[in-house]
Amino acid sequence: MQTVDLRGVCCPTNFVKAKLALEMVDAGEVVEFLLDDGEAVKNVPKSLKGEGHKLLGLKESDGYYVLTIEKVED
Amino acid sequence: MSEDVKKTSIDFNNLKAGGFIKERGKDLFTVRLRVPGGRMPVSRLKKIAEVAEKYGGEFVHLSVRQSIELININFKSFDAVVAELGEGDQKVASCGARVRVPTACGGCEYNPNGLVDTQRSALEVDRKLFGTETGHHKFKVGFAGCPFDCPKSATNDVGFQGAIWPELDGDACISCGLCAKSCTEGAIKMGEDGKLVFSPDNCNYCGDCVKVCPSEAWKTVKKGYTVRIGGKWGRHPLVGTLFATFLPEERVVDFIACVLAWYKEKAEGAGRVRIGDIIIKEGPDSLLSRLRGGFPEYVVGKTIPPQVIATQVGK
């Protein structure tokens with residue numbers, strides 16, 4: 001599974017980078033994103049879900065969050 | 001997956017200061033334009049209309065902080081939008097925990113009320129401080145040219161209000177009494193002997209006496225900004241309080257930089273908190289004495305913390 005570290009990346013760059021990462025994989029593949037607490041974790045998971053992808057998990061881990069997303073094709 | 005989707009590439013440098021705001025719809029963003037002081041050259045306006053028509057929705061939004069926001073921009077068009085706006089010398093604004101684009105009234109070039117050149121100040125602050133990361137929360141600056149204060153300067157993190165200090169040349173005074181009639185603050189009274197009595201404590205530096213005087217007996221001897229710090233609106237509004245008077249226009253950028261440095265330091269570890277709440281926590285004397293170091297002639301002797309505005313009035 002691919003992990004994309006978006007810690008220290010601010011809005012909206014983190015979301016756009018997550019979108020681009022999902023573009024590069026095939027439908028059904030799972031990508032893990034590391035997100036900062038605060039604005040990033042409040043916005044990115046919801047936005048990706050809003051784009052039709054499947055949220056598999058969101059867990060806090062030592063000051064940051066691990067978001068697991070399954071790509072869903074349009 | 002189609003080939004063109006695979007090839008989407010974005011220049012992340014364009015996104016560094018923010019200004020691209022996620023919309024409800026898939027792939028769609030609002031692009032907030034950088035319009036310091038709300039001044040929009042007609043040639044730029046034409047370019048914006050062109051870009052909006054090509055990449056955006058059916059309308060643009062005029063934000064309350066004098067920006068034009070392009071609506072329904074697909075993120076894949078970011079680079080093209082930035083490049084084409086650039087042809088018209090139009091840049092993208094910021095969002096997040098940064099110094100925002102300053103607002104300003106029309107200023108003094110064509111508005112007869114304006115006492116100082118707020119447009120020049122807004123442009124200078126935009127050029128030198130725009131997008132500076134605060135590390136904590138947004139940071140707004142606004143310029144009003146006179147005490148009418150159309151831009152509501154005291155609701156900014158640092159708010160500037162144009163001010164002049166009047167002085168009477170008794171020999172030139174013809175005792176017409178117009179200034180006493182015009183002064184809304186009761187600072188000028190006509191004495192029994194036909195001589196004017198000036199009460200400096202009542203003066204709010206509006207300059208109405210200078211403007212109305214037919215014999216130029218009232219003169220401007222000092223000009224600059226009244227500075228209030230710690231204001232904001234939102235869910236828990238604060239009105240900024242007085243920290244400096246008659247700050248010269250050319251010291252504005254240095255002054256804001258000094259306030260920012262204090263904020264960065266004192267809000268360390270406090271999370272997403274505006275400067276007004278930090279002043280309440282630290283007490284205004286801490287910021288006053290920091291500012292006094294660099295601006296002794298202009299910083300006031302004492303002040304009070306930003307004042308809480310109740311919004312649930314009548315609840």
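Me: Which residues in helix 1 of chain A are buried?

Reply: In this predicted model, the buried residues of helix 1 of chain A are T13(A), N14(A), F15(A), V16(A), A18(A), K19(A), L20(A), A21(A), L22(A) and E23(A), where buried means under 20% relative accessible area, exposed over 50% and partly exposed in between, with a 1.4 Å probe and protein chains only. Helices (H or I, at least four residues) and strands (E, at least two) are DSSP runs, numbered from the N terminus.

Me: Why is helix 1 of chain A called largely enclosed?

Reply: Ten of the eleven residues of this helix, residues 13-23, are buried, so the rest of the structure largely encloses helix 1 of chain A.

Me: What makes K22(B) and E51(A) a salt bridge?

Reply: A salt bridge requires a side-chain nitrogen of Lys or Arg within 4 Å of a carboxyl oxygen of Asp or Glu, and the closest N and O atoms of K22(B) and E51(A) are 3.4 Å apart, so the pair meets the definition. Between chain B and chain A the count is five salt bridges, and the elements giving two or more residues to the side of chain B that touches chain A are helix 1 (3-6) and strand 1 of chain B.

Me: How many residues of chain B and chain A are in contact, and what is the area buried between them?

Reply: With contact meaning heavy atoms within 4.5 Å, 20 residues of chain B are in contact with 19 residues of chain A. The area buried between the two chains is about 1600 Å², of which carbon and sulfur atoms give 62%; buried area is the accessible area (1.4 Å probe) that two parts lose on being put together, summed over both.

Me: Why is one side of strand 1 and of strand 3 of chain B left without a neighbour in the sheet?

Reply: Chain B has an open sheet of four strands in the order 1-2-4-3, with antiparallel pairing, and strand 1 (20-22) and strand 3 (60-62) stand at its edges with a single partner strand each, so one side of each has no neighbour in the sheet.

How values were computed
Residues are numbered from 1 along each chain as its sequence is written. Chains are lettered from A and ligands numbered from 1 in the order in which they are written. This is a predicted model: local features need pLDDT of at least 70, side-chain atom pairs count only at pLDDT 80 or more; totals for chains, interfaces and linings use all residues. Side-chain values use heavy atoms; hydrogens and water are left out. Two strands pair if DSSP finds at least two bridges between them.
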